[in-house]
Amino acid sequence: MKKRIAMVVLTIAAVLSLTACGEANCKHDGCDKEIAENGYCAEHAIEHALQDALGGLLG
């Protein structure tokens, strides 16, 4: 029983450690600034939000 609990705890720890390692930089092509919101830096987060908001109106 203790081995089973230990395996569950180790499995959860492994999954959490693998998912914690994510992108540290903006996901916009060519930008290497730190992430501020939704995977984008502050500048590109605003740009992305405006495109989403105005995309339906303009296109």
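## Questions on a predicted model

Biologist: A45 touches E37 and Y40 when residues up to four places away in sequence are not counted, contact meaning heavy atoms within 4.5 Å. How many residues does the largest nonpolar core have?

Modeller: First, this is a predicted model, where local features need pLDDT of at least 70, side-chain atom pairs count only at pLDDT 80 or more, and totals for chains, interfaces and linings use all residues. A nonpolar core is a set of buried Ala, Val, Leu, Ile, Met, Phe, Trp, Tyr and Cys residues joined through side-chain atoms within 4.5 Å. The largest one is made of C26, C31, Y40, C41 and A45, and its residue count is 5.

Biologist: Happy to have that settled! What share of the 59 residues in the protein is buried?

Modeller: Buried means under 20% relative accessible area, exposed over 50%, and partly exposed in between, with a 1.4 Å probe and protein chains only. In soluble globular proteins, nonpolar side chains tend to be buried together. Here, of the 59 residues, the buried ones make up 12%.

Biologist: And the fold itself: how many helices and how many strands are there?

Modeller: Both kinds are DSSP runs numbered from the N terminus, with helices (H or I) needing at least four residues and strands (E) at least two. Helix α1 covers 2–20 and helix α2 covers residues 42–58. The totals are 2 helices and 0 strands.

Biologist: Two of the core residues are C31 and C41. How many disulfides does the structure have?

Modeller: A disulfide is a covalent bond between the sulfur atoms of two cysteines. Here the test is a pair of cysteine sulfur atoms within 2.5 Å. The cysteine sulfur nearest to that of C31 is the one of C41, 3.8 Å away, and C31 is in no disulfide. By this rule the number is 0.

Biologist: Now for charges: which residue forms a salt bridge with E43?

Modeller: A salt bridge needs a side-chain nitrogen of Lys or Arg within 4 Å of a carboxyl oxygen of Asp or Glu, and the structure holds 1. In this pair the closest N and O atoms are 3.0 Å apart, and the partner of E43 is K33. It links distant parts of the chain, 10 residues apart, with E43 in helix α2 and, in the loop between α1 and α2, K33.

Biologist: Why does K33 count as partly exposed?

Modeller: E43, its partner, is partly exposed because its relative accessibility is 46%. K33 is partly exposed too, because its relative accessible area is 43%.

Biologist: How far apart in space are H48 and H28, C-alpha to C-alpha?

Modeller: H48 is also in helix α2 and is partly exposed at 28% relative accessible area. In sequence, H48 and H28 are 20 residues apart, while in space the C-alpha distance is 9.5 Å.

Biologist: Let's visit the loop: what is the phi of N38 near?

Modeller: N38 lies in the loop between α1 and α2 and is exposed, with a relative accessible area of 60%. Its phi is positive in a residue other than glycine, near 50°.

Biologist: Last one: what is the area of the nonpolar surface patch made by I46, L50, L54 and L57?

Modeller: Patches take residues with over 30% relative accessible area and no salt bridge, joining like charges within 9 Å and nonpolar side chains (Val, Leu, Ile, Met, Phe, Trp, Tyr) within 5 Å. Areas come from the Shrake-Rupley method with a 1.4 Å probe, and for residues only the protein chains shown count as cover. Among the four, I46 is in helix α2 and is exposed at 54% relative accessibility. The patch comes to about 420 Å².

Notes:
Residues numbered from 1 in each chain as written. Heavy atoms only, no water.
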